[in-house]
There are 2 protein chains.
Amino acid sequence: MTSYIKIPSHLTPSDPQGSELLARERSKATFDVNELTLALYGSEELSRFKKILKILESDPILDKSNIYYMGRTELFKYALRKDKRIIQLAATHKWNVDEFKIASRLVDMSGPYSIHQSMFLPTILGQGTEEQKRKFLNPAIRHEIIGCYAQTELGHGSNVQGLETTSTYIPETDEFEIHTPHLTAAKWWAGGLGRTANHSVVMARLITNGQDKGPHPFIVQIRDLTTHEPLPGITIGDIGPKFGFNTTDNGFMLFDHVRIPRFNMLSKFSKVTKGTGEYKNPPNEKLSYGTMVFVRSVIIFNAGLALARAATISVRYSAVRRQFVDKENPMILPNGQVVETAVLDYTMQQYRLFPVIAQAYAIYFTGEIITNLYKQYIDQSSRGDFSLLADLHASTSGLKSLTSDIAVDSIEDCRRSCGGHGYSNFSGFTRFYQDYLPNTTWEGDNYILTQQTARYIIHSKQQSEEFSLRSNESPTIFYMLRYLSNPSQKCTVISPSDFKNPEVQLAIYGYRAAYLIARAVDQIDNHKKSWNSMLVEINRISRAHCQYILVHNFILTLQPQTSDSMNEKRRILHNSPSLKTVLTSVCNLFALHTMEKNLSEFLESGYLSPKQSEMLRVQISESLNEIRPNAVALVDAFYLPDYLLNSALGRYDGKVYETMIEWASKEPLNGITLDINPYSEKLFRNDVKAKI
Amino acid sequence: MTSYIKIPSHLTPSDPQGSELLARERSKATFDVNELTLALYGSEELSRFKKILKILESDPILDKSNIYYMGRTELFKYALRKDKRIIQLAATHKWNVDEFKIASRLVDMSGPYSIHQSMFLPTILGQGTEEQKRKFLNPAIRHEIIGCYAQTELGHGSNVQGLETTSTYIPETDEFEIHTPHLTAAKWWAGGLGRTANHSVVMARLITNGQDKGPHPFIVQIRDLTTHEPLPGITIGDIGPKFGFNTTDNGFMLFDHVRIPRFNMLSKFSKVTKGTGEYKNPPNEKLSYGTMVFVRSVIIFNAGLALARAATISVRYSAVRRQFVDKENPMILPNGQVVETAVLDYTMQQYRLFPVIAQAYAIYFTGEIITNLYKQYIDQSSRGDFSLLADLHASTSGLKSLTSDIAVDSIEDCRRSCGGHGYSNFSGFTRFYQDYLPNTTWEGDNYILTQQTARYIIHSKQQSEEFSLRSNESPTIFYMLRYLSNPSQKCTVISPSDFKNPEVQLAIYGYRAAYLIARAVDQIDNHKKSWNSMLVEINRISRAHCQYILVHNFILTLQPQTSDSMNEKRRILHNSPSLKTVLTSVCNLFALHTMEKNLSEFLESGYLSPKQSEMLRVQISESLNEIRPNAVALVDAFYLPDYLLNSALGRYDGKVYETMIEWASKEPLNGITLDINPYSEKLFRNDVKAKI
């Protein structure tokens, strides 16, 4: 370790030490942590994960110990170097796509090549013809060409149909002319465009024979392969500093009548005929939804892991951090000394943090289920069966919105629960939060997305005569039918512990969703309310529906299954009574805490009574008590290594304070001596001194 | 303007232009913006503000156009230079303390000297003897000594009584010995300590004659006045990069048996006698609460301005930004062209943003009232009358917590309502948000503070027989008495517009607060619940009480007053029917939206019925419609200049897109050309190129 300041080495934190406090927490757990880790990941993925972690941890280029001190240019330099390094390691160790993804997740920093991997290659693969793949895909895989994906424009985000950039077919030369008609049409935000990519997928309005066919994808070479300078007619730049993602060169781009061969329009689905400029429609509009569903399912899955990470840091630190003496129930050392109470013992801290643990598990399990459903859809769609798509599109839209909202709010709650140190970059929260945040905006703004989910559900309700006819019963249909059978039914709870019954939980969530839907349909159909005037209600419907799905999936995961339908992970879970017990507590907390957060909607329908809501609060408090001894073990089970967390507060070994001061001593500002006289124009007496 | 990239100058945004859209908004307002500005600030403060703004705007050292690109060291350098510059300007223009504060607010960046001004000087002034003031205050005012305030320790934040640093009286030499016994006792977070200060107020446990008298303030010289190096036995450093406040050198400090003269214990209230080491108690423990009340009242006031700033940026940008065509009610240009709809026309955007405008006004008026109340207290306390203190302490604690929570949440909501561009530093949100955020943690963590408010209120309730005896009726007593007169009363609303009645609003808020208090007292007194087990309810009580106060104060501001009790600002307001009309709409939206956000508590008590809650939603929607034509004018009235906002999105002139691309072209990364070959270890082909 190098540092600018020598910290006296004889000083230790006052007792009890963080390592002792965490050991004590771990000894209280009622289940086997390793077993739960296996039930989450399975043995194969876990061993792959450990193997890759070992390689990354010991690689000096991928060392993370200096990143918190870096400014934008330095950080970008680091990101470029690490992106190169991962490509080199992937070649050396012959990583497949999944292994590459694990490595990227652990290195945990978007970089200049990220979009090349995650968008450019898949777009050519999914939308290019065989000829186009030969021409572009192979050199791209060899990194001879590096691509980006330019869709959003300076004045146009969510509404792809509003894009202004044009691509006009010129029959004389059999070319397209790409052009930026206004400043608002400048391509904006494309990751890797600013400084890195030499090719781009450009979404532009296809104009042929004077007709506007709307946005289509074109491959455009944008920089010279030798000099790396932008090609004539193309203006490119980085869009500047951002809240998060400063390791990526998100870029802007303007075209001044730039010509590309007709060949470069990605033509697996639509094409333009040579010479005549005749346009051929895509065979099936639905195909393009598949990618959106996939990307959103990844966001849902990642929301679970992001929550696990936030909970890991804050729960561990709350076990180490002590504030005030709880006089009614003081913390006493073996030597009889009364010390300040660990903040994890305060009910308010439990009320803030344990629901986050529960959210992490709930969303993790739904993420798994959605991922499997997507695989099933891909399988069926390759045989021309698109029956799963509409439902999957509706639920992933709403779940992407809900889960990323939950994650962002909870990451920030966890950060704030760390008190002052939560503001330090060393907490591991600040970069993490900023980099996670855009999940609420990209791939569909979270407010706008809820319209898609609600539109689908409302449409289903409006055609409710179909309900009983459909064979494949969706959850929506299930709870709608139940509601319609008796709209004035009441919740059956008569004591707090009744809230632990999964049937009761689902009935409550189902009734509330159905009630909101029925009310909105009434407003639209019978009171002729405009869609715009209903947007607040529409948002509520999507959330209500998706909360039902999350609770439903968690309950399903814990329900007995026939042994032959279970994979390894489920077998581990269902063979261990102690795992099932603790996860049942977690599931209850998730269902009940989410209910409490949205209580007014449950009360408004009249289904839940004020008296029952008081019982709900009692039962939540009971769930917090159940989870208390297992809090640290439940976050440990996610197996998020210190290399990923990069946090002084969330370290596995509890050496919080030692790490905080060690990392502070490395702050480059500590190498500078000031001239503090306010009337002297000189600022520093020296440049940065050498580290000691 | 210098930039790295040449943007084609012939491109303009597509029509309609931002300037036209904002002009159209401004022409729709139903009131005179200048009149409202005067009613907010008064003519004297406004002209002072304009005078100082003019000086700052034209000062090249205080130019803000490059700050978004700077890394930590550069930014700190900038902050040091601007801190020096403000001191120079203050001397040149003979600014008084208020004028200095206006300048600091406009420059809007904490710096290395900030704590010297805001904590070091006031502490000596408030807690030093006349002799101590002579010795320390005068050179400090001349900036010969620069001070900081070291209280918080690495392991100790909120609980001052838990501090570990000791100051032991040594009778032999008549000195104190300051010492850091453990690593957790390292002073941490002190602003200006890291690199700047040469003196510090150090809070340390006073030990004399073997007895621990708890934390007291000592003045310690910490750096050499010539070399600016730390003195022997003292280790100092900057604590490293943070979320926000990177322009300040928050520092850490460790003491190894450091001696200071006995004279350096700030002794206005407590002292230690020479030789005998006898300790003299402070005459009145209450005195130290005064400063806390003051600091919290400033935070409350600033929360209103922070909300105004967030609303200004997001409302203006929402008038310029257009997304999708609202088919039921499209936006049509004079030439008949249908264009995308301004996002401010979507009800969801109104539902997100207009309540923030309302919060800004509500908190601004409460901030004024609290500030006046504090002045009244200071006046009375100088005559030995502390009767206002307990109430003021309780309400400022809870209001600090509530208003800073509202501000943080709403700033972030406003940022997200700006879509993708909200992530750019150029939005004016990112640094603003990060720098505002610590208000939720410092000067009392927002969760912990609510305990102080609730404890006071609960204590009042428990001694409820006193209620009718007290002459000075506080709001708490008013609503408690009303509740106790008939705990099973019901809300009288029978149509949505009844919710506009201020009496009805106050009755609803009062009942809900009283109900929560009565229930908690019952749990504590009759069911022997521990304080720790009640923390969630306690938090609710404080919020309920403080929401009542905010609504109450807003209503009070708008109520007719006798003309001789009014100052200039109130006279302007009460002489203008158009101002009163628009502010009444704003007041209603604040009261009703806040009610809806906490609806479950109103429903749970049974005071509000589910049917009434539906009427509430109808009335909120009505309030949004009332505010729509005045939205831009209401934010304009806060008179926050572009110099303060430093935002491409929130510019007064609406030139959003032109500014975004101009600022992007200045990103230093745009001066770099990469070597993108993943197998080349070289990263850049050049260092940063000269700007064009």
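In the predicted model, the contact between the two chains draws on 135 residues from chain B and 135 residues from chain A. The area buried between chain B and chain A amounts to about 12,000 Å², and carbon and sulfur atoms contribute 61% of this area. Across this interface, 12 salt bridges are found; one of the salt bridges joins the side chains of Asp409(B) and Arg416(A), with an N to O distance of 3.9 Å. Polar contacts between chain B and chain A number 63 residue pairs, both residues being at pLDDT 80 or more. On the side of chain B that touches chain A, the largest share, 10 residues, is supplied by helix α4 (residues 72–93) of chain B.

Chain B is superposed on chain A by a rotation of 180° with 0.0 Å of shift along the axis, at an RMSD of 0.1 Å. This is the relation of a two-fold axis. The same surface serves both copies, as 100% of the contact residues of chain B recur in chain A.

Within chain B, helix α15 (residues 535–558) comprises 24 residues and extends 35 Å from its first C-alpha to its last, close to the 34 Å expected at 1.5 Å a residue. Helix α15(B) is mostly covered, with 20 of its 24 residues buried.

Thr453(B) belongs to helix α12 (residues 446–462) of chain B. Thr453(B) counts as buried because its relative accessibility is 0%. A polar atom of the Thr453(B) side chain lies 2.8 Å from the backbone nitrogen of Gly398(B). Beyond its neighbours within four places in sequence, Thr453(B) is in contact with Ala394(B), Ser397(B), Gly398(B), Ser542(B), His545(B) and Cys546(B).

Notes:
Residues numbered from 1 in each chain as written. Chains lettered and ligands numbered in written order. Predicted model: local features only at pLDDT ≥ 70, side-chain atom pairs only at ≥ 80, totals over all residues. Heavy atoms only, no water. Helix = DSSP H or I, 4+ residues; strand = E, 2+ residues; numbered from the N terminus. Buried < 20%, exposed > 50% of the residue type's maximum accessible area, 1.4 Å probe, protein only. Polar contact = N/O pair within 3.5 Å; in protein donor to acceptor, adjacent residues only side chain to side chain. Contact = heavy atoms within 4.5 Å. Least-squares fit on C-alpha atoms with pLDDT ≥ 70 in both. Expected span 1.5 Å × (residues − 1). Buried area = accessible area lost by both parts, 1.4 Å probe. Salt bridge = Lys/Arg side-chain N within 4 Å of Asp/Glu carboxyl O.
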